[in-house]
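Please read the report below with the sequence and the model side by side. It moves from a sheet to helices and then to single residues.

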Amino acid sequence: MQGILLINLGSPKDLEDLSIKEYLKEFLSDDLVIDYPKFIQKVLVNLLIVPNRYKKTKEAYSQIWTDTGSPLISQTIELGKRLSKRTSLCVEVAMRYQEPSIEDALIKFSKSNISKLKVVPLYPHYAMSTSKTTQREVKRVRDRLNLKIDLEFVDSFHNANGYIDALCEIIKNKMQPQSEFLLFSYHGIPNRHLKKTDPTKKHCLQSKNCCEMESLAKPYCYKAQVIETSRLCADSLDMKSSEWGISFQSRIGPGWIEPFTDIELKKLAEKGIKNLDVVCPSFVIDNLETLEEMNLRGRETFLEAGGENFNYIPCLNQNSLWLDFLEDMVKK
């Protein structure tokens, strides 16, 4: 029998200080997230980042928390239920960090006599801090539990027709009639991650147009993939190059992919853009980065810089075309 495992990033269990700290510590202690030597990583995480950041993180989560808890978790669980109804397959949902855990999901599959498992990391674009760490952790937990389950991982789907169609549909349905500009805002990653995932070790960031060039690095290049997603959407939406742009949010420190979203929001307003639409295609489920960082803080940044109408376009969540695409993907 075959099962389907949907995996998203994760959230704290609740808004208690301990839960926030546990989540941050687990997430940031991942060697594929903060990829410094272990001693330096431990100092940064345990002595600097978590003690100084957990209160701000707690406040941010409190802005989006619902009666059912974290929107990321509740929406991903709902996605799993709908996919299970459509496919009649055994579908479980897990988070890379915290709960529901990968271990609990794998144990459930084993008890249900699932011998083949299709694992779907819910990240359209490949990155070592999302796709790679998820694959590594699922394999590690399966082997530790000594489970006889064959794993098949779904690759990034940044340019898949079904994903692009679903993304374009929600953009068209949610854009302002008076829209002047569409900003594609993606989660940022350090530039060093691009170089680390480049299998050739001589392509990424070696030229200004490296992302537009065909290369063996492209299946592992986050930046090239987000550019392609944006271009495919813009072409499908028949948008001129002057009507859309790309930026990267959620940076921590220097050396991250540019341009930065918060700076771009100011620039767009200062250039005279009054009616702005923003979409965040690196996320398929709304979460802290979309609902708080973008729809609250990003909105404030744009309006304070002189913009008049800021329209956040939600993630795919339970979009029917998105579910169609997922159904086709897991049945292959």
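Predicted model: local features only at pLDDT ≥ 70, side-chain atom pairs only at ≥ 80, totals over all residues.

An open sheet is built from 4 strands in the order β6-β5-β7-β8, and the pairing is parallel. The edges are taken by β6 (244-249) and β8 (309-313), each of which has a single partner strand, so one side of each is left without a neighbour in the sheet. On average, and with direction ignored, neighbouring strands of this sheet are turned by 25° against each other.

Within the sheet, strand β5 (residues 181-187) runs parallel to strand β7 (residues 275-279) and is joined to that strand by 4 bridges; phenylalanine 184 has valine 279 of β7 as its bridge partner. Helix α6 (residues 161-174) packs on the sheet, where it touches β5, β7 and β8, and its direction makes about 150° with that of β8. Helix α9 (residues 261-270) lies across β5, β6, β7 and β8 and runs at about 170° to β5.

The pairing of β5 with β6 is also in the parallel sense and extends over 6 bridges, with serine 185 standing opposite serine 247 in β6. How many of the residues of β6 are buried? The strand is mostly covered, with 6 of its 6 residues buried. In a regular strand the side chains alternate between the two faces of the sheet. In β6, Trp244, Ile246 and Phe248 point one way, whereas Gly245, Ser247 and Gln249 point the other way, and all are buried.

Helix α1 (residues 17-28) has 12 residues and reaches 16 Å from its first C-alpha to its last, close to the 16 Å expected at 1.5 Å a residue. Its buried residues are Ser19, Ile20, Tyr23, Leu24, Phe27 and Leu28. Seen down the axis of α1, these buried residues fall within an arc of 145°, so they line one face of the helix. An α-helix has 3.6 residues a turn, so residues three or four places apart point the same way. The buried residues of α1 pack against α2 (38-62).

Helix α5 (residues 128-145) has 18 residues, which at 1.5 Å a residue should span 26 Å; the end C-alpha atoms are 24 Å apart, which agrees. Among the buried residues of α5 are Met128, Ser129, Thr133, Glu137, Val141 and Arg142. The cover over the buried residues of α5 includes β1 (2-8), α4 (102-111), β3 (116-121), β4 (150-153) and α7. After α5 comes asparagine 146, whose phi is positive, near 55°.

| Residue | Relative accessibility | Class |
|---|---|---|
| Histidine 193 | 2% | buried |
| Asparagine 287 | 5% | buried |
| Serine 115 | 30% | partly exposed |
| Glutamine 41 | 1% | buried |

Histidine 193 lies in helix α7 (residues 191-197) and, not counting residues up to four places away in sequence, touches Leu32, Val33, Asp35, Met128 and Ser129.

Asparagine 287 lies in the loop between β7 and α10 (288-304), and its contacts, not counting residues up to four places away in sequence, are Ile64, Leu72 and Glu292. A polar atom of the side chain of asparagine 287 lies 2.8 Å from the backbone oxygen of isoleucine 285. Although 214 residues apart along the chain, asparagine 287 and isoleucine 73 have C-alpha atoms separated by 8.6 Å.

Serine 115 is found in the loop between α4 and β3, and its C-alpha atom is separated by 5.8 Å from that of methionine 1, 114 residues apart along the chain. Not counting residues up to four places away in sequence, serine 115 touches Met1, Lys148, Ile149 and Asp150.

Glutamine 41 has its place in helix α2. Which backbone oxygen does the side chain of glutamine 41 reach? The backbone oxygen is that of serine 29, at 3.3 Å, while a polar contact of 2.7 Å joins the side chains of glutamine 41 and lysine 38. Leaving aside neighbours within four places in sequence, glutamine 41 is in contact with Leu28, Ser29, Asp30, Asp31, Ile34 and Tyr36; of these, Leu28 is also one of the buried residues of α1.

Key:
Residues numbered from 1 in each chain as written. Heavy atoms only, no water. Pairing = 2+ DSSP bridges. Helix = DSSP H or I, 4+ residues; strand = E, 2+ residues; numbered from the N terminus. Axes fitted to C-alpha atoms, helices over the stretch in contact; angles between N-to-C directions. Contact = heavy atoms within 4.5 Å. Expected span 1.5 Å × (residues − 1). Buried < 20%, exposed > 50% of the residue type's maximum accessible area, 1.4 Å probe, protein only. Arc of directions from axis to C-beta. Polar contact = N/O pair within 3.5 Å; in protein donor to acceptor, adjacent residues only side chain to side chain.
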